[in-house]
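Biologist: Hi! I'm new to this one, so please show it to me and walk me through it.

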Amino acid sequence: MMETQKTILSTLALMKRDIDNLLTITATNSLANTNPVTQQVRNTFSKRPDLPLKEVDNVNNLERLLDDECQMNEYVEFLKIQGGRTKEEYMDRIMKKLFNDSLASMYSYQGRRGKLPFIKLHNIWDGIKTAFIGLFSINEQEKETLIKDWLVNTGCREGKRLKRMSVRDGGLTSQNDLGFEIHPV
């Protein structure tokens, strides 16, 4: 019975991942079809930095790159095509596209507890805020809250990734990717 539960939970986790991938593709394609510059943006900006960013030096390079107004415009258009049905999902997709979880865990919004301050990444943050204009009815405070929440939850995402790697390597955890607890029967 235990093996059956593991198999079912594993299958559900794979199905969830596939559905998330399909939703991402669908959202991106629907925006791509309505935006004539999407393909151009995809071919220009997405090739500049290696995304998602993995090191602080890469973040600093992107920050300097965005000092150029043309690059900033391409960056904003690139962020706009990430898609999302809600403002939370939109922010999540943008941030996952820009930062891997390991790098994001080095930042907090204000830079407290020995972390780097995200708020000092003026160009990156301004581009994210600009990308929201016209897509969602959201004020500056709500944008700040979204980014704060995303940064705070980085540790949870990183922990889940490590658990998945542990399970793949033969170790068992008390929870699977979907958050269901596994109880021996």
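**A walk through the model**

Modeller: Met 15 lies in helix H1, which covers residues 2-34. Helices (H or I, at least four residues) and strands (E, at least two) are DSSP runs, numbered from the N terminus. The model is predicted, so local features need pLDDT of at least 70 and side-chain atom pairs 80 or more, while totals for chains, interfaces and linings use all residues. Residues count from 1 along each chain as its sequence is written, and side-chain values use heavy atoms, without hydrogens or water.

Biologist: And is Met 15 buried, exposed or partly exposed?

Modeller: Met 15 counts as partly exposed, because its relative accessibility is 45%. Buried is under 20%, exposed over 50%, partly exposed in between (1.4 Å probe, protein chains only).

Biologist: How many residues are in the largest nonpolar core?

Modeller: There are 33 residues in it, and those with the most contacts inside are Tyr 75, Leu 98, Phe 99, Phe 118, Ile 124 and Ile 128. Helices H3 (56-65), H4 (69-80), H5 (87-98), H6 (101-104), H7 (122-132) and H8 (140-152) each give two or more residues to this core. Such a core joins buried Ala, Val, Leu, Ile, Met, Phe, Trp, Tyr and Cys through side-chain atoms within 4.5 Å.

Biologist: What is Phe 118 in contact with?

Modeller: Leaving aside neighbours within four places in sequence, Phe 118 is in contact (heavy atoms within 4.5 Å) with Met 95, Phe 99, Tyr 107, Ser 108, Tyr 109, Ile 124, Trp 125, Ile 128, Ile 147 and Leu 151.

Biologist: Which aromatics form a cluster?

Modeller: Phe 99, Tyr 107, Tyr 109, Phe 118 and Trp 125 make up one aromatic cluster. The model has seven aromatic pairs. One of them, Tyr 109 with Trp 125, is edge-to-face, at 6.1 Å centre to centre and 80° between the planes. This pair links distant parts of the chain, 16 residues apart: Tyr 109 is in the loop between strands E1 (107-108) and E2 (116-117), and Trp 125 is in helix H7. Both Tyr 109 and Trp 125 are buried. Rings of Phe, Tyr and Trp (its six-membered ring) pair with centres within 6.5 Å; planes under 30 degrees apart are stacked, over 60 edge-to-face, the rest tilted.

Biologist: New topic: where is there a cis peptide bond?

Modeller: Leu 51 and Pro 52 are joined by one, with omega about -5°. Pro 52 belongs to the loop between helix H2 (38-44) and H3.

Biologist: What about phi of Arg 113?

Modeller: Arg 113 has a positive phi, near 60°, though this residue is not glycine. Most residues other than glycine have a negative phi. Arg 113 sits in the loop between E1 and E2.

Biologist: Is Arg 113 buried or exposed?

Modeller: Arg 113 is exposed, because its relative accessible area is 84%.
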